[in-house]
Amino acid sequence: MRLTIVGCSGSYPGPESAASCYLLEAEHPSEPGEESGEESGETRTWRILLDLGNGALGQLHRYVDPLTIDAVFLSHLHADHCLDLCGYYVMRKYHPTGAQPRIPVWGPAGTAGRMARAYDLPLEPGMREEFEFLEHGAGGSSVEVGPFRVEAREVVHPVAAYALKVTAGGRTLVYSGDTGPCPELDDLAGGAHLLLAEASFRSVDDNPPDLHLTGADCGRTASVAGVERLVLTHVPPWHDPADAEAEARAEWSGPVDVARAGTTYSV
């Protein structure tokens, strides 16, 4: 499983990166009925996105043809995690090669309506002709797309928000989405080969509860969960990512990276 950091800026696009978007790729046989042109059973590259925040769609072109994405998984419905679904709707609807087949978009309850309002569309059909909107279950959900098994677990945030656990080929990545410290994230991250954790806050500041993680929180989760590698992401442009890294290293002795747009990881 290959991870590409498409966007990692917290809260809004920054000077070095778009907002949150993470591309996962893995090889797997094609499935019957696909319109990809391959014979059933022929191995191909499957691609999913975790979040599609503002500014991310343009950057996605640097790494893959956006029309080759098989599914999108939204952690929550704040603009820096979902808003470029509007541009993606336009691309898939009006592309010169013709309207593209619907692809699944998994998200919290109300995602279809939220995206219709974001682009000032009538609620029906909204974007339903371009995307098959599917909801994470209230207690979490688990679905399969090609080689990927994606489990969603609700975490703490001012809106419905989910951490996402992706498994392919016996390897596991866990993405925190946006969350305050919570046992649900610690449990979901247990034994992950890569923990992609947001580090929006600094421990030295007076932070509101149940909103975001500090670098220290990320380090503690990595330690409790026994992960293989920690990658810090979603650092807002007003903070120095080195602060988040130093906090995480003080709490955990394993490998720590700060996400940067364009970086790839073999999970």
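Arginine 202 forms a salt bridge with aspartate 205, with the closest N and O atoms 2.9 Å apart; a salt bridge here is a side-chain nitrogen of Lys or Arg within 4 Å of a carboxyl oxygen of Asp or Glu. Side chains of opposite charge can pair when their charged atoms come close. Arginine 202 counts as partly exposed, at 27% relative accessibility, and aspartate 205 likewise counts as partly exposed at 27%. Buried means under 20% relative accessible area, exposed over 50%, and partly exposed in between (1.4 Å probe, protein chains only).

The structure is a predicted model, in which local features need pLDDT of at least 70 and side-chain atom pairs count only at pLDDT 80 or more, whereas totals for chains, interfaces and linings use all residues. Residues are numbered from 1 along each chain as its sequence is written, and side-chain values use heavy atoms, with hydrogens and water left out.

The structure holds 14 salt bridges. Another of them joins arginine 47 to glutamate 25, where the closest N and O atoms are 2.6 Å apart. This pair links distant parts of the chain, since arginine 47 belongs to strand S4 and glutamate 25 to strand S3, 22 residues apart. Helices (H or I, at least four residues) and strands (E, at least two) are DSSP runs, numbered from the N terminus. Arginine 47 and glutamate 25 are both buried, and a network of salt bridges links Arg2, Glu25 and Arg47. Within helix H7, the side chains of arginine 249 and glutamate 245 meet in a salt bridge of 3.0 Å, N to O; the two residues are 4 apart, about one turn of the helix. Arginine 249 is partly exposed with a relative accessible area of 43%, and glutamate 245 is partly exposed with 23%.

Helix H7 (residues 241-251) lies across S13 and S14 and runs at about 165° to S14. Axes are lines fitted to C-alpha atoms, for helices over the stretch in contact, and angles run from 0 to 180 degrees between N-to-C directions. Both strands belong to an open sheet of 7 strands with mixed pairing, in the order S8-S9-S10-S11-S12-S13-S14. Its edge strands, S8 (141-145) and S14 (256-258), each pair on one side only. Neighbouring strands of this sheet are turned by 20° against each other on average, direction ignored. Strand S13 (residues 230-233) pairs with S14 in the parallel sense over 3 bridges, pairing being assigned if DSSP finds at least two bridges between two strands. Leucine 230 stands opposite valine 256 in S14.

Aspartate 178 lies in the loop between strand S11 (171-175) and helix H5 (183-188). What is the nearest side chain of opposite charge to this buried residue? It is arginine 114, 12 Å away, and aspartate 178 has no salt bridge; Lys and Arg count as positive and Asp and Glu as negative, while His and the chain ends are not counted. The side chain of aspartate 178 does make polar contacts with the side chains of histidine 76 (3.4 Å) and histidine 81 (3.1 Å). A polar contact is a pair of N or O atoms within 3.5 Å; within protein, one must be able to donate a hydrogen and the other to accept it, and residues adjacent in sequence count only if both atoms are side-chain atoms. Not counting residues up to four places away in sequence, aspartate 178 touches several residues, including Asp80, Glu198, His212 and His234, contact meaning heavy atoms within 4.5 Å.
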